[in-house]
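Welcome! Please take a look at the sequence and the 3D structure below, and then we will walk through a few parts together.

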Amino acid sequence: MVPVPVDPLVRRHRTALRLCFAIPGLSLATWVTRTPDVRDRLDASTADMGLVLFGMSIGSMLGILVAGALVSRFSTRPVIVAGMCLVLASMGVTALGTAVSSAPSVAFGLLLLGAGVGLSEVASNVDGAGVERELGRPVLPALHGCYSLGTVVGAMLGVAGAAAGFPVPWHLALVLLLVIALFAVALVGLRPGTGRVQAADAGPGGAAPAADTGAGVRERRLYLDARLLLIGGVVFGMTLAEGAATDWLPLLMVDGHDMPSGLGSLVYAGFAAAMAAGRFAGGPVVARVGRPVVLGGGALLTAAGIALVSFVDSPVAAGCAVLLWGLGTSLGFPLALSAAGESGPDTTGRVALTSRIGYVALLAGPPALGFLGEHQGLRAAMVPVLLLILVAAALSPATAARPRHTGGADEEHAVPTARQDAGGRVSTAAPSPQGCRKA
């Protein structure tokens, strides 16, 4: 079969999205790998660090809650730009707060980071789901692999900075310059107008889309969709496991397994590398064995890694188990988003809702673990994560592919995705040459 040529605009958009996924990963990993040094500069306890991280939780909730509505009204591009600007601002504020040893300033910087990530990542996922339909093959796993690749780069820079004793404020400032350059490259490839409710649907006077009047009703219906809620349970468990590692892994290694701070950061870099490898290599595995098998097996692999880190009193075993933890969680979020988008009509709302659940777990869950870790230790704080990841494994059959819905708000603009059987295995299907409104 002759391969269908890819529209150059779609190719440029996909490249821009790769950078838009990598930038938050790079920014978050920069923060995470220097948390032991930041904690020392702030003279903060584990509970105090939980309060600092709560700033990120507040910001993420604000960003996630408004992202779907903003995308429907303004399209994905301006929402991604706004989110990225907040991420850039957060790096500067966090650097300044660390320089003056001000916990409130650092918390505010993390609030900006959470809001920026929430906005940009939800919009980027909506864009990614649309590109996936245009190309007729899975795209989201590789895009999330770029996020993990960004965390690897940020983690390695953090390891180098910690090992050299490089001051945290200057480290954050230099990474800020790098992120600005990457976003400048990404900006030119983002296509305008995607994801927005069509002008033909506008209400009287064109002031507001008529769809807005039923937006609340549609969202309530999504919350009553049993299969979508089961998929949301998979997302919650998998992303909570990812977020727990993202926020606490260096400190978990330092405080729980008596590693030096540089080695703790290196272990986190290993986690990020395992996630990146799983996301880039996972596509053929999913095509062969199906989405539910990959998600269920990944959840069990994650559970094994967390159990070894929590219960085995060996730094070497913990360091190796982190690789299982990273590999197991690698495909959880992107595959669950694909499942949500295929679960029924109103693809935009389904992807946005599932993204919201995922980012709540990713960014809001870990601070609560800090309060538990203050009283029971960080190793014990991972036990609830272990239990929830086992629940995600049990719910993974809900992510099996279903026949695509015909008719509905988004379907008239949708380009057919690759055909999948009931197990989520992908077969080749040529994409439609028509244009596509983002999922």
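Does Leu88 count as buried or exposed? At 16% relative accessibility, Leu88 counts as buried, where buried means under 20% relative accessible area, exposed over 50% and partly exposed in between, with a 1.4 Å probe and protein chains only.

## About the model

This is a predicted model, in which local features need pLDDT of at least 70 and side-chain atom pairs count only at pLDDT 80 or more, while totals for chains, interfaces and linings use all residues. Residues are numbered from 1 along each chain as its sequence is written, and side-chain values use heavy atoms, with hydrogens and water left out.

## The whole chain

The protein chain has 17 helices and 2 strands; these are DSSP runs numbered from the N terminus, with helices being H or I of at least four residues and strands E of at least two. Of its 439 residues, 57% count as buried.

Now for contacts, meaning heavy atoms within 4.5 Å. Among those between residues at least 6 apart in sequence, 81% join residues at least 24 apart.

## Leu88 and its partners

Leu88 lies in helix 4 (residues 76–99). Leaving aside residues up to four places away in sequence, Leu88 touches Leu176, Val179 and Ile180. Leu88 and Leu176 are 88 residues apart in sequence, and their C-alpha atoms are 6.4 Å apart in space.

## Helix 1

Helix 1 (residues 8–33) has 26 residues, and 20 of them are buried. At 1.5 Å a residue, helix 1 should span 38 Å, and this agrees with its end C-alpha atoms being 37 Å apart. The expected span is 1.5 Å times one less than the number of residues.

## Helix 10 and two partners

Two packed helices are described by the angle between their axes and the distance between the axes. Axes are lines fitted to C-alpha atoms, for helices over the stretch in contact, and angles run from 0 to 180 degrees between N-to-C directions.

The axes of helix 10 (residues 226–257) and helix 12 (residues 291–311) come within 11 Å and cross at roughly 20 degrees. That makes helix 10 roughly parallel to helix 12 (angles under 35 degrees count as roughly parallel, over 145 as roughly antiparallel, 65 to 115 as roughly perpendicular and the rest as oblique). Residues making this contact include Val234 and Met238 of helix 10 and Leu295 and Gly298 of helix 12. With helix 3 (residues 46–74), the axes come within 12 Å and cross at roughly 170 degrees; helix 3 and helix 10 are therefore roughly antiparallel.
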